[in-house]
Amino acid sequence: MWRERLKCPQMKINTNEQTAVSDLYEPLMTSRNASAKGPGLQSDLIFEEIGRRIKGVGSQLVKKVNAVFQWDIMNGGKIVAQWTLDLKSGSGQIYPGASHEPANTVFILSEHDFMELALGKIKPQKAFLIGKVKVKGNILLGQKLEMILKDYAKI
C-alpha cells in the first residue's frame, strides 16, 4: 500500500544485432513530479492523510497551536521533500513545499526516520535524542504538536 509502483512501458528496437530498450519511465516521472510535491515518497502519503484528517478540526487546532511547522525530508544530505503544516492562519492547512511565512519549528529528518516515527516504531523524543531528528526553532511547540496530532496522525 505504501509503495507506489508505476508500470513503465518499454519499447524494444532491433538495431544491427543489438536490442535497445527505450524506457519511458523518465517522462512519466517528469510529468508526475511537475507539482512541488517531490518524487512520490512514502511520506507524501502520510502528510496527505494528516491533511485529510485535520480538515474538519483545523480551526480548533489553529486556536490551540497558533504555529507553523515545516518538515524537511532528507536523502543523501539533500532535501528531497518539504511539507508545511500551517496552524497559524485560517482553518489550518498542510501543503507541500517550504512555508509561506517563517516556520516556528522545522523538523529535519530522513524519509526512513520519518516513516518510523509515523508508524510508531520510534518515539519522537528518542529520535531527537539519538540525532535522527534535528529541530530548528521552538522545540516545545514540537511536543505540543505531537500531543495534539497524536489521534489524527495514526495511520
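This is a predicted model: local features need pLDDT of at least 70, side-chain atom pairs count only at pLDDT 80 or more; totals for chains, interfaces and linings use all residues.
Five strands make up an open sheet with mixed pairing, and their order is β5-β4-β3-β6-β7. The edge positions are taken by β5 (93-96) and β7 (134-137). Each of these two strands has a single partner, so one side of each is left without a neighbour in the sheet. On average, neighbouring strands of the sheet are turned by 20° against each other, direction ignored.

## Strand β6 and its partners

Strand β6 covers residues 105-110 and is paired with both β3 and β7. The pairing with β3 is parallel and has 6 bridges. In that pairing, W71 has F107 of β6 as its bridge partner.

The pairing of β6 with β7 is antiparallel and has 4 bridges. Strand β6 is mostly covered, with 5 of its 6 residues buried.

## Helices across the sheet

Helix α2, residues 42-54, lies across β3 (67-75), β4 (78-87) and β5. Its direction is at about 5° to β4. Helix α4, residues 111-118, lies across β3 and β6. The angle between α4 and β6 is about 110°.

## Nonpolar core

The largest nonpolar core contains 27 residues. Within this core, the residues with the most contacts are F69, W71, I73, L85 and F114. At least two core residues come from each of α2, α3 (58-65), β3, β4, β6, α4 and α6 (139-153). In soluble globular proteins, nonpolar side chains tend to be buried together.

W71 can be followed in more detail. With neighbours within four places in sequence left aside, W71 is in contact with F47, A81, Q82, W83, L85, F107, L109, F114 and L145. Among these contacts, L85 and F114 also belong to the group with the most contacts inside the core. F107, another residue in contact with W71, is also the bridge partner of W71 in β6.

## Loop residue N66

N66 is placed in the loop between α3 and β3. Its phi is positive, at about 55°, although N66 is not a glycine.

Terms used. Residues are numbered from 1 along each chain as its sequence is written. Side-chain values use heavy atoms; hydrogens and water are left out. Two strands pair if DSSP finds at least two bridges between them. Axes are lines fitted to C-alpha atoms, for helices over the stretch in contact, and angles run from 0 to 180 degrees between N-to-C directions. Contact means heavy atoms within 4.5 Å. A nonpolar core is a set of buried Ala, Val, Leu, Ile, Met, Phe, Trp, Tyr and Cys residues joined through side-chain atoms within 4.5 Å. Buried means under 20% relative accessible area, exposed over 50%, partly exposed in between (1.4 Å probe, protein chains only).
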